[in-house]
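Student: Could you walk me through this structure? I am new to it and would like to take one topic at a time.
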There are 2 protein chains.
Amino acid sequence: MRLPKEKFSLVISGTMTAQPLPFDPIARAATLWEEHVGPATVMGAVTSVMRVQQILQSAVDTALRPHGLTFARYEALVLLFFSRRGSLPMRVMGQRLQLHPTSVTNIVDRLEADGLVKRIAHPTDRRTTLVEITEAGRQRRAAATEAVTAVEFGLRGLTDRQTAALTDLLAKVRRACGDFA
Amino acid sequence: MRLPKEKFSLVISGTMTAQPLPFDPIARAATLWEEHVGPATVMGAVTSVMRVQQILQSAVDTALRPHGLTFARYEALVLLFFSRRGSLPMRVMGQRLQLHPTSVTNIVDRLEADGLVKRIAHPTDRRTTLVEITEAGRQRRAAATEAVTAVEFGLRGLTDRQTAALTDLLAKVRRACGDFA
DNA sequence: GTCCGATGGTAGGACGTCCTACTATTTCCC
DNA sequence: GGGAAATAGTAGGACGTCCTACCATCGGAC
């Protein structure tokens, strides 16, 4: 539960070099790709998504570390907080968070060990495990939310309009890939 | 080196539920966030990036698995292929690929074990290790490139214009976070 | 020349994800 | 009702990333 050591860098993300490159490595790769391979539009977009995800993940995890959370665990906490009864079956959590069942098990294990959630029996289906957010979990969620919103989730450099446009474009991709109907 | 088992799903990505949800889980979360927390624009965009990265990573890795590559190793191979001499110092590879030095070590270890690259001594600096793509590596890159372009890197649902717009938006973020000057 | 800080790379360990199997329970269909 | 098939969750293992610590080498200050 300690903040990471300071580095000699302006970079927010954890994956960093000492100094930012003087050129855009993705744009350069795209140029070379056009020369040697073919149209690079898709390649460039995919690489960009990968890289930005890495930046955001690192920024958010850094903001959450003092609160003993990762982004995945934070998302789980928020999901339970939003739920009507403050509890959900593991399986539903996996669907909403788009996670493998075993990842849900892992996440809930950690949250439960920290006393932020607890597993309770489902009233009618004995196969099902309900996960319920505790009072400590609610408080932790509030504090963690302040931390991540304070750093804008690591998303910088966009206007609100551009941010919304980004979300829309990505939603098209998610729908086309069958994330939702 | 075997293709993954078929699942009962239309979803391209590896992380999947049996059926797509009938609603957009990110849009729903954004609505709840607006109700309970505040403006959800940034939160929605960040979650979307995370999810799309997961989809793309899974699609690309699936396409590359028959070729014995992950996306990270494929990127390394492409980087060396593009380089003038067919070789680069480990450190430079880490800068271009935005990877931790130890991750570069890991990736090069795997590629070398498969005979796709080899470590050679730097002519003047004995600290530095050069990584050189082999003929087998060049052939593997060509085959792998066909595989990933055949599935469009998993990026579906966007026009070329929209794909370019996505790249531009993400470049703004990368620049703002100090990825490049 | 020599020393000391900076640089390049690797080893070992933590963490989080996924996958494959496995058990327990429920549901469906005859 | 009785049994096959589906469903919920977990255990154990592989993989890839990061971090800290470490060793070897280089380069500059004196």
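Student: Which residues in the largest nonpolar core touch the most other members?
Tutor: Those are A:Val46, A:Val49, A:Leu56, B:Val46, B:Val49 and B:Leu56, out of 100 residues in that core. A nonpolar core here is a set of buried Ala, Val, Leu, Ile, Met, Phe, Trp, Tyr and Cys residues joined through C-beta atoms within 7 Å, and a residue is buried if 20 or more other C-beta atoms, placed from the backbone, lie within 10 Å of its own. This is a predicted model, in which local features need pLDDT of at least 70 and side-chain atom pairs count only at 80 or more, while totals for chains, interfaces and linings use all residues. Residues are numbered from 1 along each chain as written, with chains lettered from A and ligands numbered from 1 in the order written.

Student: And what is A:Val49 in contact with, leaving aside neighbours within four places in sequence?
Tutor: A:Val49 is in contact with B:Val49, B:Val52, B:Gln53, B:Leu56 and B:Leu170, where contact means C-beta atoms, placed from the backbone, within 7 Å.

Student: What rotation superposes chain A on chain B?
Tutor: A rotation of 180° with 0.0 Å of shift along its axis does so, with an RMSD of 0.0 Å, when superposed by least squares on C-alpha atoms of residues with pLDDT of at least 70 in both copies. The two copies are therefore related as by a two-fold rotation axis.

Student: Switching to DNA strand D, how many residues surround it?
Tutor: There are 25, and the closest include A:Arg91 and B:His100; near means a C-beta atom, placed from the backbone, within 6 Å of the strand.

Note on methods
Buried ≥ 20, exposed ≤ 12 C-beta atoms within 10 Å, placed from the backbone. Contact = placed C-beta atoms within 7 Å.
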